[in-house]
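Work through these exercises with the model open beside you. Try each task before you read its solution.

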Amino acid sequence: MTQVENRPLTATPGSLVGRPVDRVDGTAKTSGAARFSAEYPYADLAHAALVYATVSRARITGIDTAAASAVDGVLSVITHLNAPPMKPPRPVNYMNLSTLASATSVNYLNTDEVHWNGQPVAVVVAETLDAAQEAAGLVAVTYEELPATVDFAAAEGNATPQKSSPIDSGGAKKGDAVAALAAAPVSVDLRFTTPGHNHNALEPHATTAVWDGDTLVVHEGAQNVAWVRDQLAWRFDVPPASVRVIAPFVGGAFGGKTTVWAGTILTVLAARVTGRPVRMMLTREGVFRTVGGRTPSTQRVAIGAETDGRMTALIHTSVTRVGRVGGGPEQVTSQTRHLYDAENILVQQNQVTLDVLPNTFMRAPGESIGTFALEAAVDELAYEVGVDPIELRMRNEPERNPIDGKRFAHRALREAYARGAELFGWSARTPQPGSMRDGRWLVGMGVASAYHPAWQFLANVTVRLAADGTVLVRCGFHEMGMGGATAQAQIAADALGVPFEAVTVEYGDSALPTGPGAGGSGQTASVAASLVEACDKLKRSVLALAARSAESPLRGQRLADVRARDGGLYRAADARGESYAAILGRAAQVSVDAAVGSDTRLGSIVGQARFLTKFVLDNRRWVKAASGAQFCEVRVDPDTGEVRVSRWLGVFDVGTVINAKTASSQLRGGIVMGIGMALQEESLVDPRSGRIMNANLADYHVPVHADIPPIDVYYLNEPDPTMPLGLVGIGEVSITGVAAAIANAVHHATGKRVRDLPITLDKLL
C-alpha cells in the first residue's frame, strides 16, 4: 500500500497550517552547516573524560591518579579529594518545575560515596581527547563496598504503592474490580514483563563549557535549556542571568536530555578548575553508565467480561524501579484509566528502590510499556470470547472517561479503527492462529490501541513585525529533529498573513524568552498558544496605529472585523485595507512588538504556580489525549523463530496537524522505536553487581533499515476544541501500542503468546 497523504480539513485557502512545508533547518543539517554542542570552536579548548565506578554501593578508600597525571597533555585529574565545592541539588518542588532538572541527588565529586555502578568518580582534563581518555583508564580507585540491592526481579516482592503527585496518580478505582473479576463468566489474568531500555540518540550527550569570571556559556544538547540554566546557576552559585545555555540543534533526545546528568555538571566543573573552555563528549558506554533510561516493569492485567466480551472488571497493576538517588515513577497504568468502559476498574502502580542508575523519561514513559500489557491482554480476551479484536474494542469504547465520568475533549478511536481496518485490509485476516501462510512463512496480523495524554506547558513568546513585512518570533523552545521551528513559522505566517519566508524563528537559547521543555508532546501546543496570543496583540497594536489616520480604511475596525492576509490587515466585510508597511511607514515606526508570558526573560515561580493551577483545573474538566490504531503484519519462520515485520499502518487522532511532512515523520519514528522495543531492545544488568553488561551498540540492539517495513501513517486531522489551534501532540503517541500489535500478530501467526519483551527467537521455538 502506498503512503496515505492527508490534507488538512481545517485549512483555509492560502493557509500554511497543515501543509508539508520543508523544514527551515533542512539545508543547514544536510550541508553540515548546523553546529551541535560538540562542534563550537574555542581557542585553548581542553577535553574531558570520565572515570566510572565499578561497584554499586561503596565508599571510596583511595584514588591513585599518578599514572593518569603523567600522561602527556593532562591538565588536571579532578576527584572528590581536590574538587571545589558545589551546592547539592535542590529537592523537587512542583511549584518550581526547574527543581525537576537534577537527574540525581548526587553532588558529584563532592562526596566519597558511590551510589550505582557507573557513577563518575573522577574527571580527567587534557589537551586532547585521546590523552583524556587514555589517562582516565589509568586512574585506580579502591572501595569499601557496602550492601546493595540491584536485582529488580528479586526485589519485586518488596514493592510499595507509588505515592501520587501533581503530575502522576499512583492509583485509581471504580467499583469492586476484584469481586467482579471473580464473578465474571469469562476472564483472563496475565503477567507481563518488560526490560530496562537505554537511550541511544544519534547525537550522544556532549557539553562545551566556557567560564568568563562568573559568567558561564554552555553548549548543550538539551531538551530544556531553562532547566539546565537554572540547575547550573544553583550548583555553581551564580545568578541565573549569568548562565547562558545554547542548543539550537539537538541530535535526538527522546527524554534522555531533559534533565541534567553528571557529564554536564562535571564539564562545567572542569572548565572552572582549569580556567579553560572544556568539552566532554560521552562515549556510547558513557551514556549507558551515566544517563538513565526506561525502567523495567512487571505488570498484571486481569479482565473479566460477559460472554459477548463486554468488560465487567479491569485490573492493571505494575511494579517499576527507581534509583535510591533519583528517578521518578512512570505512568504505566495511564491508558488503562481511559481506554475501556469496564464496569469496575482498579489500577495501581508500585515501585521498588534499587542501588542503580536512576531511570528517566524515555519516549512515552509509562504508556509505551503499559499499552503493551493492556493491549496484549485485550487481544487474549478477544480469543477467549471468540470476538474479532477490533470488534471487542469497539464494544468497550466509552462515551465518557470510565473512572470518573469526565468528558473527553476529543476522541475518535472508532474512526481510527474503521479507517485503519479498511486501508489495511483487515477483512482478509482469518481468525484462527497459524492459518495464514506465505510460502514457508507463517503470517499474522495484529492490532492495538495507541494512547498518550495531551500536555500544555508555560511558554513565553515575543513577536516583532518590521515595517518591511518580516516577522521575528523569539522563544527558548527546542529543535530535536521534529521540525518545531518550521511549525511555529507556519503558525506565525498564518496568524499575521505574511509569507512563510518572511518569518524567522529564534529558539534553543536560554537568553530568549523562556520556552517549554520539549517533552510529553506538549511543546508545539504550548508555544502555539502563546504565539497566537502574541500575534493577536500585535495586530491590535497595528490597528491602533492605523486608527490614527483619518484616511485609513481600517479606522474604527476591531480585530474581529479584519483579516490578516497579503502582508497586511483587510476588512472582512469589503476587503479594503492596507499593508503593514503602509501602516508602520505612516506612523514612522520601524517595528511593532508583542509579548506573552509571565516573564519574557527568565520566567517566574508565580507564573509557574499559576500555570500549574490552570493545568490542574483544566484536567478536572476534560480528559485530553492523542490516540490511534496500530495495524501490524508479521512473518515468522517456523523453523528458526525469526520474526519479520512486513507491513505497518498507524491511524492517529492527534488533533490539528501543523505540518503534514514533519508529522508523518514523527509518527513513523515512534513506530520504528516501538518495533525496537518489541523485538530487540533490552538493557542487560548483572544481578550481582548492578552493572549494565551490554553498554554499547554492538550488544544493545536497535532497529536498522533492514528491520523496518514500509510504514504507512494516516491522521484524522480533527481539531481538539480545547487545545491551541486544535492540536494535541504527535511525538509520543506513535510508540504506544506498537509492541502489543507485534505480540498480537506473532500470536496470530504462530499460536504462541509472548508476554515478556523483547520477542526473541528462543521464546518462539
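**Exercise 1.** Is Arg 235 buried or exposed? Find its helix and its contacts.

*Solution.* Step 1: check the accessibility. Arg 235 counts as buried because its relative accessibility is 2%. Buried means under 20% relative accessible area, exposed over 50%, and partly exposed in between, with a 1.4 Å probe and protein chains only. This is a predicted model, in which local features need pLDDT of at least 70 and side-chain atom pairs count only at pLDDT 80 or more, while totals for chains, interfaces and linings use all residues. Residues are numbered from 1 along each chain as its sequence is written, and side-chain values use heavy atoms, with hydrogens and water left out.

Step 1: Arg 235 is in helix H6, residues 225-235. Helices (H or I, at least four residues) and strands (E, at least two) are DSSP runs, numbered from the N terminus.

Step 2: list the contacts. Leaving aside neighbours within four places in sequence, Arg 235 touches Met 86, Lys 87, Pro 88, Pro 89, Ser 102, Val 106, Asn 107, Tyr 108 and Ile 265. Contact means heavy atoms within 4.5 Å.

Step 3: look at two distances. Pro 89 is 146 residues away from Arg 235 along the chain, yet their C-alpha atoms are separated by 6.7 Å. The Arg 235 side chain also reaches the backbone oxygen of Val 106 at 3.5 Å.

**Exercise 2.** Why is H6 described as largely enclosed by the rest of the structure? Name what packs against its buried residues.

*Solution.* Step 1: count. H6 is largely enclosed because 10 of its 11 residues are buried. Among them are Trp 227, Arg 229, Asp 230 and Leu 232.

Step 1: find the partners. The buried residues of H6 pack against strand S11 (215-220), strand S12 (243-246) and helix H7 (262-274).

Step 2: look past the helix end. Asp 237 follows H6 and has a positive phi, near 55 degrees.

**Exercise 3.** What is the strand order in the open sheet of five strands? Then find the helices that pack on it.

*Solution.* Step 1: read across. The order is S18-S19-S28-S29-S30, and the pairing is mixed. Two strands pair if DSSP finds at least two bridges between them.

Step 1: Strand S18 (437-438) and strand S30 (711-715) are the edge strands, each pairing on one side only.

Step 2: Helix H16 (residues 660-679) touches S28, S29 and S30. For H16, the angle with S30 is about 125 degrees. Axes are lines fitted to C-alpha atoms, for helices over the stretch in contact, and angles run from 0 to 180 degrees between N-to-C directions.

Step 3: inspect one pair. Strands S28 (residues 625-636) and S29 (residues 643-653) run antiparallel, joined by 10 bridges. Ser 627 has Asp 653 in S29 as its bridge partner.

Step 4: visit the loop. Asp 637 is found between S28 and S29. Its relative accessibility is 7%, so Asp 637 counts as buried. The side chain of Asp 637 reaches the backbone nitrogen of Thr 640 at 3.2 Å.

**Exercise 4.** Which peptide bond is cis, and what is the phi of Ala 364?

*Solution.* Step 1: recall the background. Most residues other than glycine have a negative phi, and most peptide bonds are trans.

Step 1: find the bond. Leu 757 and Pro 758 are joined by a cis peptide bond, with omega about -5 degrees. Pro 758 lies in the segment after H17.

Step 2: Ala 364 has a positive phi of about 55 degrees, although it is not a glycine. Ala 364 counts as buried because its relative accessibility is 0%.

Terms used
A polar contact is a pair of N or O atoms within 3.5 Å; within protein, one must be able to donate a hydrogen and the other to accept it, and residues adjacent in sequence count only if both atoms are side-chain atoms.
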